[in-house]
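Okay, thanks for coming, everyone.

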Amino acid sequence: MSEIFEILLSANFWAASLRIATPLIFGVLGALVCERAGVLNLGIEGIFTAGAMAGWMAVWLGAGLWGGVMVAAIAGGFFGLIHAILTVPLGLSQHVSGIGVTLFATSLSYFIYRTALPDVSSPPRIEAFQPLDIPVLSDLPFLGTALFQQTSLTFLALLLVIVTAYVLYRTPLGLAIQAVGDNPSAVESQGLSVYGLRIGAIVAGSAIMALGGAFLTMSAFDAFFFGMVNGRGWICIALTVFASWRPGKALIGALLFGAFDAFQVRLQTEIGSFIPGQIFLMMPYVLSIIALVVVARRADYPRALLVPYFRGQR
Amino acid sequence: METDGSQAVPILKLDGITKRFGALTANGDVSLELHRGEILALLGENGAGKTTLMNILFGHYVADEGKVLVGSNDGDLSALEPGSPNAALVAGIGMVHQHFTLAENLSALDNILLGTETLSALKSARLPARHKLENLMSRSGLTVSLDTRVSQLSVGEKQRVEILKALYRDARVLVLDEPTAVLTPQESDTLFATLKKLAEDGLGIIFISHKLAEVLASSHRIAILRAGRKVADLPSDGCDQRQLAELMVGHEITETVREPNQPGAPLFVLNGIFAGQGRDVLHDVNLELKSGEILGIAGVSGNGQTMLARVISGLETAARGSIQLEGVDLGKASVRQMIDSGLARIPEDRHRDGVVGAMTVSENLAIESIREPENQRFGLLRFTELRERARNLIKSYDIRCQSENSPARLLSGGNIQKIVLARTLETEPKVVLAAQPSRGLDVGATSDVHKRLLAVRARGAGVILISEDLDELLRLSDRIAVIHRGVLSAAEQTEKLDRGTLGLSMAGHSEEDAA
Amino acid sequence: MIRLEPRGPVAVSRLIGVSFAAAIAAVVLAAIPMLFAGLSVFEAYGLMAKGAFGSLFAFTEMLTRATPLILTGLAAAVAFRAKLWNIGAEGQLYAGALAAVAVGTGMISAHPIVLVPAVVLAGALAGGLVMLGPTLLKTRLGVDEVVTTLLLNFVILLFVQMMLEGPMKDPMGMGWPQSEPILDEAALPKLMARMRIHWGLIIALVCALGVYFLLKRTVWGFEIRAVGENANAARHAGIPVTATFVRVGLISGALAGLAGVGEVAGLKGYLTADLSPGFGYSGIVVAMLAGLSPIGVVFAALFIASIFVGADSMSRATGVSNYLADLIVAMALLCVLVSGLFLRFKVHLVGRNARKEAGR
């Protein structure tokens, strides 16, 4: 028992939770923007990979770190656009198109990486984002370590939570996005373009998702590995349901998830000798399934989610 | 009624509108004019092209030929950009669709504001909008609670939000598609009073309807569409219902008549049924259907009819209460058991629940009996028998289709309903549950449905007829009960009822209130 | 901008044409990454064709690669027909392989006539049971099966790793995380001497015929189609929707499990955690390319397998990454999605109006 308290009371544990949560915050925000507009984006896993690869490669080729972030967002937006065209004006199956985008984005990223770096034994490294040293705040006892020794990308994620919530609830654009995910004819009858709103939301959401990938190669690590996304995208899709499509709850969900993951990693070092490591590695996936099961009964899906809209067919 | 300014330039002019869908001409060379302060009724039966015409006006469809002209305030006519709802809105045309176009997850206020602000605005300007709306509401009498989520509003309130959407944009022309379909007679009267007031303030109004009485009572002018063409355009004064009906249908109408009949013993009984949650609920519902009887269930849509149909169909299990068919308890019965014990169901949404569009007519005709020995042996389908039986049903029920192998989705609504009738009635069920059986059908198909239901009654079976169409209920039912907020009233002999009393109970007033 | 108008019934020839068009489009589009990698395009295509069809050995290698793809393709096709989105074939494949190894490495010893069917059945059963979970979560609690099946893939792979490093580790494996080899009596026999092609292919082809028969001729198939096309109407007509989903889930999982059986008991002989290079995911592409037709799955699997085998061989000759194959396969899926539109709709290019609208 005392080990557990020790873990929970250490500032490093909370810092790690926030770090683990960061890519998930990006992912869930991106997914919820798409789903609020009525489109499920299962391209997320591939978009994470593309963001991770593109951001890293841009920096490796000499762009600055923020240049890399931009490149990652553009790459995400590009794959989002493919998904948007297939699912919005063409009205194709969102499930299959999303899987297709994931396969495409993943294989394209791997192929480009392999082609650019045909025979490297160990992945080349870049100078990644470093934890910010904020005067005063970072030096606070406990809180300084727990909250304020993160990289800029983590703060960007937190800022995006606020921005997304504000846009969604306070601006005409956000209201239109909420409406198009509930009843597209409400939007069209008021003279707005259903396709324009949905395509825009998917592209923007996908760009945000890609930042989650970029965080992996430019902040959490400093290199690109095959398989490094490892299901984080799918976890985000589950967390989006858990967060009932609200940015604030998305943050809480991601943090809870990060805390649990950080906790089990520390627990593993304490008691790992008795239990195979894979059991701990399974936990994030199992936890996501449990999160889905818990909220399934009362999940309030956007009414038009998965339903394609064709003009003049109501 | 006087039309003011009838000599002046119209505020709206449709000029030679033609729209084809494949081989079907939905609108053929239709021209219309609307003036300031005028209420024009667009009359026609289902499929006559009324909704298509209005969708062209509003930019949902693009006409193949012809154009829409809008009069400006200083009297010039200019062409409206086709295919653009936004252009129609900017030109001052507002439309209230039959199926409301509201986002249920937003407040009434946000729904009205939607699309009126530039999307790049950093903040939604709710406060000035609220002032303008409060002003509009007090002037027109259309009051709604602006901050309530639309999902919490009643049907009548939603309709008011729809009209406010148009007024907020300073509409000069208001189009309403079948506005009374979801209202009680009393609510309809209120609506028409409001429309009259709006017209007096200068608004031009077009309302689409197939109900003759309201068209006569509430319009200045009537335009009649039949098979996509305008067949009449005349002032309302001096018309009568018979004349309108014949213009609408194109021939004299023979109404189906219910022969007097002595109902037999109780057949199907619901006792103290509670079911559902939220809006679609049943609260202590009791019902007794006798053999040889049609029992009508009247009510405004969304008062528990759907749940009642689901419970009787076996799709939903009642939380409490009992269901008995000829004394056999069916309280926990599955759909399968309901069908097997002699209960036939005609679903209210025939496209959603009635047929599998991608499967063939023959497969849809067999879908309820696919596990019967006549259709399968050892789990293997008997194709020859399936097709053979389908061909016979297609003939005896006059289902119009290319062949028994065409996908059901290619059929018209009336023929899809015939598929449902054929497969359910063919087994000679004891009880037929018909939910909105003629909704959206034209006169011919409706009368076919009515004859089939009367035939069921004639051979001694019972029919529960759930309908929102009072004329249909009064014509077919032996007794009528009214459902309001999940409570079903005691059934009364049809002869003792009229539209007024039914309307009051549909609105939830008991007889004591009325007295 | 485009406008879509629904079509009437679709002729089979048109269906096949669409799949062919998509396959060809994907191969043509592959020229872009080839150029990017500095390849001479025609030479590369030539090497790929030679790698898949150039010799009897190449051809049998292609068939061997197609074997699991037929089975995972069928798993996806039968599930998607019922609109049960089983994206978990990868995990079910590993579950099948794990069960086959458990039974086939000495748990029971018997004559091949008993042991081989036991191994096959164990694998099918394991795959089916893995899919049963997400199916029940969907039908009982309304949990989206896409996410649960996807996440289970990771859980199962970790479970396999755990078993291979723990209880099922081969003591003679020199420390490598791999299972004991399958007994000779439990292995699927080879079809040809000195080639790797094995009886798994026959099983896959029989399964394809079986699924075709199931969907086309049986009451179960009728019910699967009805539930997939319109679950509301099926429920209203008294078809047991939940039972149908459970049936489909079991069948789909079992087919994916069989793919795993073939790979361990027919090809590799022992289980490692890198048994499948994504056969489960490629199966989705196979099924879509086949228009969810079980017979079409066989041909689509042959196409995808020749891309994989051909690209491997080209990669060895030119040094260009064989991720090219995954790229072509992914593009084939996107192409078949788009070309599928031409099946269901007449596509009209619309000028002015629509474009203005999009620009607003």
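So, ground rules: I call two residues in contact if their C-beta atoms, placed from the backbone, lie within 7 Å. This is a predicted model, where local features need pLDDT of at least 70, side-chain atom pairs count only at pLDDT 80 or more, and totals for chains, interfaces and linings use all residues. Residues are numbered from 1 along each chain as its sequence is written, and chains are lettered from A and ligands numbered from 1 in the order in which they are written.

Let's start with chains A and C. Chain C puts 45 residues into this contact and chain A puts in 39. When I say helix or strand, I mean DSSP runs numbered from the N terminus: H or I with at least four residues for helices, E with at least two for strands. On the chain C side, the elements giving two or more residues include strand S1 (2–6), helix H6 (112–141), helix H7 (145–165) and helix H14 (323–344) of chain C. H14(C) gives the most, 12 residues. By class, that side of chain C has 35 nonpolar, 6 polar and 4 charged residues. For the classes, Ala, Val, Leu, Ile, Met, Phe, Trp, Tyr, Cys and Pro count as nonpolar, Asp, Glu, Lys and Arg as charged, and the others, Gly among them, as polar.

Now B against C. Here chain B brings 31 residues and chain C brings 21. On the chain B side, helix H10 (335–340), helix H11 (350–354) and strand S18 (380–381) of chain B are the elements that give two or more residues. That side splits into 16 nonpolar, 9 polar and 6 charged.

Staying in chain B, there are three pieces: domain 1 (12–249), domain 2 (254–342 + 429–515) and domain 3 (360–427). Those bounds come from an automatic or database domain assignment. The centres of domains 1 and 2 of chain B, over C-alpha atoms, are 33 Å apart. Their contact takes 11 residues from domain 1 of chain B and 13 residues from domain 2 of chain B.

Next, a sheet in chain B. It's an open one with 4 strands, antiparallel pairing, in the order S12-S11-S14-S15 (chain B). Pairing here means DSSP finds at least two bridges between the strands. Why do S12 (282–290) and S15 (328–329) of chain B have a side without a neighbour in the sheet? They stand at the edges, each with a single partner strand, so one side of each is left open in that sense. Strand S11 (residues 266–275) of chain B is joined to S12(B) by 6 bridges, and Leu270(B) stands opposite Leu287(B) in S12(B).

Over to chain A, helix H8 (residues 172–182). How many of its 11 residues are buried? It's 11 of 11, where buried means 20 or more other C-beta atoms within 10 Å of a residue's own, all placed from the backbone, exposed means 12 or fewer, and partly exposed is in between. Those buried residues pack against several helices, including H2 (11–36) and H10 (194–220) of chain A, together with helix H3 (108–113) of chain B.

Last one: Ala95(C), in helix H5 (residues 89–107) of chain C. Ala95(C) is buried, with 28 other C-beta atoms within 10 Å. Beyond its neighbours within four places in sequence, its contacts include Ala126(C), Val130(C), Ile156(C) and Gly260(C). And the C-alpha atoms of Ala95(C) and Val160(C), 65 residues apart along the chain, are separated by 7.9 Å.
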